[in-house]
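Please look over the model below before reading on. My notes go point by point.

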Amino acid sequence: WEFNGSFYQPSAFLMMGIPGLEALHHWISIPFCALYLIALLGNCMILLIIKKTQSLHEPMYYFLSMLAVTDLGLVLCTLPTTLGIFWFNMRRIGFDACLTQMYFIHILSFIESSVLLAMAFDRFIAISRPLRHPSILTKRTVMKIGLVIVLRGMVSLLPIPFLLKRLTYCRKTELSHSFCFHPDIMNLACADIKVNVFYGMIILLSTVGMDFIFILLSYILIIKTVIGLATKEECLKALNTCVSHICAVLVFFIPMIGLSMIHRFGKNVPPLVNTLVAYTYLIIPPALNPIIYSIKSSHIREALLRALRRKSE
């Protein structure tokens, strides 16, 4: 412990695996390894297919590339500490290393939320203004949107590590997860955390909260546009282009909202439920998104089949 008057700061935190199932961590690591492998290979495959296939050089697939890169980042942020606990019982993480991991996890989560909003905007333009879609969402515009998304995440979350470093911490240093999460670290402090709570809530509502509201608004406008289409076939065809995006939105936002509510209001929630929701939030979306888009997008599916045929020949 570092001591400076009445100021205490731990040199390290202790991470938690799955509470009550510590004896089974080696066996539990098998499905986790499978999910991490699917996420790594699936998202790399999506990026490679989009890069190699000229016909996929469109705004929809540029945004999908951003989503895949973000998912890869989330996987690489949590994989070392999660598997380190399951395989080697390496629970210790340095204070600064924990803040760094936390910062990148939250940045990537905010970026994923913003990319999903950009994808909803792309679907709305493609359905409501199909002739103007290429001129509205040019390659340059997509790059600008991507840059704004990254900068918004980095700048909005920049104060968080400094707000945590100024706090005085109690003797308890055990986190609730196998990764570092802002509310989890904050709740270990013995000092007044009102500023942290207020800032965290404002940032969450003004970024992820607003993204979710605008995604809902985009789909309300999409449904309104689709209803006005001439035939039922055209209506179904337009909605079918949105199915994979809707699945990605649900897979990401439902666990994220659940985890945020548990950390802020669910003090009596069993630790096992808290842990499972956290893993669902950080591991399931990166693993499922490539599968969802590979199944629902005929262009990606066809490009993948062509690549497999070339390898088999």
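1. **Provenance.** This is a predicted model, in which local features need pLDDT of at least 70, side-chain atom pairs count only at pLDDT 80 or more, and totals for chains, interfaces and linings use all residues. Residues are numbered from 1 along each chain as its sequence is written, and side-chain values use heavy atoms, with hydrogens and water left out.

2. **Cavities.** There are 3 cavities of 30 Å³ or more. A cavity here is a set of points, on a 1 Å grid over the protein atoms alone, where a 1.4 Å probe fits but cannot get out; lining residues have an atom within 4 Å of a point. Grid points are joined across faces, edges and corners, and a volume is the space filled by probe spheres set on the points.

3. **Largest cavity.** Its volume is about 170 Å³. The lining has 16 residues, and His 106, Phe 110, His 182, Leu 204 and Arg 264 lie nearest the centre. Four helices each supply at least two lining residues: H3 (95–128), H7 (182–186), H8 (194–227) and H10 (243–265). Helices are DSSP runs of H or I with at least four residues, strands are E runs of at least two, and both are numbered from the N terminus. By class, the lining holds 11 nonpolar, 4 polar and 1 charged residues. Nonpolar covers Ala, Val, Leu, Ile, Met, Phe, Trp, Tyr, Cys and Pro; charged covers Asp, Glu, Lys and Arg; the others, Gly among them, are polar.

4. **Second largest cavity.** This one has a volume of about 50 Å³. Its lining consists of Met 60, Phe 63, Met 119, Asp 122, Arg 123, Thr 241, His 245 and Tyr 293. Helix H2 (59–88) and H3 are the elements giving two or more residues to that lining. H3 gives the most, with 3 residues.

5. **Arg 123.** Buried means under 20% relative accessible area, exposed over 50%, and partly exposed in between, with a 1.4 Å probe and protein chains only. Leaving aside neighbours within four places in sequence, Arg 123 is in contact (heavy atoms within 4.5 Å) with Met 60, Ile 222, Thr 241 and Cys 242. Met 60 and Thr 241 also line the second largest cavity.

6. **Nonpolar core.** The largest core has 85 residues; Phe 13, Leu 64, Leu 116, Leu 164, Tyr 169 and Ile 185 touch the most other members. H3 gives the most to this core, with 17 residues. A core is a set of buried Ala, Val, Leu, Ile, Met, Phe, Trp, Tyr and Cys residues joined through side-chain atoms within 4.5 Å. Not counting residues up to four places away, Leu 116 touches Leu 67, Ile 215, His 245, Ala 248, Val 249, Phe 252 and Phe 253.

7. An unreviewed UniProt entry places "transmembrane region" at seven spans, including 197–222 and 243–264. Such annotations may be inferred rather than shown by experiment; positions use the numbering here, and feature names are shortened. Residues 197–222 are 100% helix and 0% strand, with end C-alpha atoms 36 Å apart. Residues 243–264 are also 100% helix and 0% strand, with end C-alpha atoms 32 Å apart.

8. Ile 46 lies in helix H1 (residues 25–52) and is buried at 2% relative accessibility. Beyond four places in sequence, Ile 46 touches Leu 64, Ala 68, Pro 290, Ser 294 and Ile 300. Thr 70 lies in helix H2 and is buried at 4%.

9. **Gly 258.** This residue is found in helix H10 and is partly exposed, at 25% relative accessible area. Gly 258 and Ala 278 are 20 residues apart in sequence and 8.7 Å apart in space, C-alpha to C-alpha.

10. **Asn 89.** Check the backbone here. Phi is near 55°, a positive value in a residue other than glycine. Most residues other than glycine have a negative phi. Asn 89 sits in the loop between H2 and strand S4 (92–94) and is exposed, with a relative accessible area of 53%.

Methods: 1 Å grid on protein atoms, 1.4 Å probe; cavity = no way out; pocket = protein on both sides within 12 Å on 5 of 7 lines; lining within 4 Å.
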